[in-house]
Amino acid sequence: MTLRKWFYLFWTTLVIGAVIGTLTGVIMQVTDPEAVRSGKAIGFNLVTSLLGGATISVLSQMGFFAYLIVRYIFMGMIPKKWVWDYLQIIVIVIVLFDLIYLRYTGAEGTPNFLPYIVLPLCIVIAGLAVAWLKVKWTNKSAWIPTLFFMIAVTAIEALPSLRLDKAASTIFMMVPLLACNAWQILILQKVLDTGKEPL
């Protein structure tokens, strides 16, 4: 990874995060009458949405490079690739369980269980779509690492919004985060000129 390639990855991810964050903020403002009634200026919301999306893109990049480093270390420690793949599958299952059960039991009162399934389901669908594309563009061994990154790493990166347990903050963070994570994992082999290498 040269400095020029890293700059390309950084700036393209930043632009994607800023654009998707702005679009998400505008759509949320238009569809949420409470935001309009609160008297907030359109420009202020556009600016904060843009800056918020850009900030989320930087968080996404930190998570992406942290994952690559951890993967590199574990692949050096565990000689058998299948062991590392099984560990990633176990972590994916644990993360999905936490996203549903722990959020539900941590909620105040006795909330409806169904809304707590929606977020993990959306993350899984996005992860499967990105993993399918990654496998199509590289090779079959990219399936589990891509799923792991799109599900487990995205969930860890989204913890600040998940702690608030508010739909608006979760949506605003998850949409740009998924877009940035998908972009980075899909474009990596092209940036590094590795051809069919998965990661």
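## An aromatic cluster

F64, F65, Y67, F74, W84, F148 and F149 form one aromatic cluster. The structure described here is a predicted model. Across the whole structure, a search finds ten aromatic pairs. One of these joins Y67 and F148 in a tilted arrangement, with 5.6 Å from centre to centre and 35° between the planes. Y67 belongs to helix α3 and F148 to helix α6, which covers residues 143–157, so the pair ties together parts that are 81 residues apart in sequence. Both Y67 and F148 are buried.

F148 also pairs with W84, and this aromatic pair is likewise tilted, at 6.4 Å centre to centre and 55° between the planes. Because W84 lies in helix α4 and F148 in helix α6, the pair ties together parts that are 64 residues apart in sequence. W84 has a relative accessibility of 6% and therefore counts as buried. F148 has a relative accessibility of 12%, so F148 counts as buried too.

## Overall architecture

The secondary structure of the chain consists of eight helices and zero strands. Read from the N terminus on, the order of elements is α-α-α-α-α-α-α-α. The chain has 199 residues, of which 41% count as buried.

## A nonpolar patch on the surface

A nonpolar patch on the surface is formed by I69, V70, Y72, I73, F74, M77, L87, I90 and I94. Together these residues have about 890 Å² of accessible area. Two helices, α3 (42–77) and α4 (81–106), each supply at least two residues of the patch. Helix α3 gives the most, with six residues.

F74 is named both in this patch and in the aromatic cluster. M77 counts as exposed because its relative accessibility is 56%, and the cut-off for exposed is over 50%.

## A salt bridge within helix α4

The count of salt bridges comes to one. The partners are D85 and K81, whose closest N and O atoms are 3.0 Å apart. Both residues lie in helix α4, where they are four residues apart, about one turn of the helix.

The two partners can also be described by their accessibility. D85 has a relative accessibility of 13% and so counts as buried. K81, by contrast, is partly exposed, with a relative accessible area of 30%.

## Cysteines and disulfides

A disulfide is a covalent bond between the sulfur atoms of two cysteines. In this model the count of disulfides comes to zero. The cut-off behind that count is a pair of cysteine sulfur atoms within 2.5 Å.

C122 is partly exposed, with a relative accessible area of 42%. C180 has a relative accessible area of 0% and is therefore buried.

Technical notes:
Residues are numbered from 1 along each chain as its sequence is written. This is a predicted model: local features need pLDDT of at least 70, side-chain atom pairs count only at pLDDT 80 or more; totals for chains, interfaces and linings use all residues. Side-chain values use heavy atoms; hydrogens and water are left out. Buried means under 20% relative accessible area, exposed over 50%, partly exposed in between (1.4 Å probe, protein chains only). Patches are made of residues with over 30% relative accessible area and no salt bridge: like charges are joined within 9 Å, nonpolar side chains (Val, Leu, Ile, Met, Phe, Trp, Tyr) within 5 Å. Accessible areas come from the Shrake-Rupley method with a 1.4 Å probe; for residues, only the protein chains shown count as cover. A salt bridge is a side-chain nitrogen of Lys or Arg within 4 Å of a carboxyl oxygen of Asp or Glu. Rings of Phe, Tyr and Trp (its six-membered ring) pair if their centres lie within 6.5 Å; planes under 30 degrees apart count as stacked, over 60 as edge-to-face and the rest as tilted.
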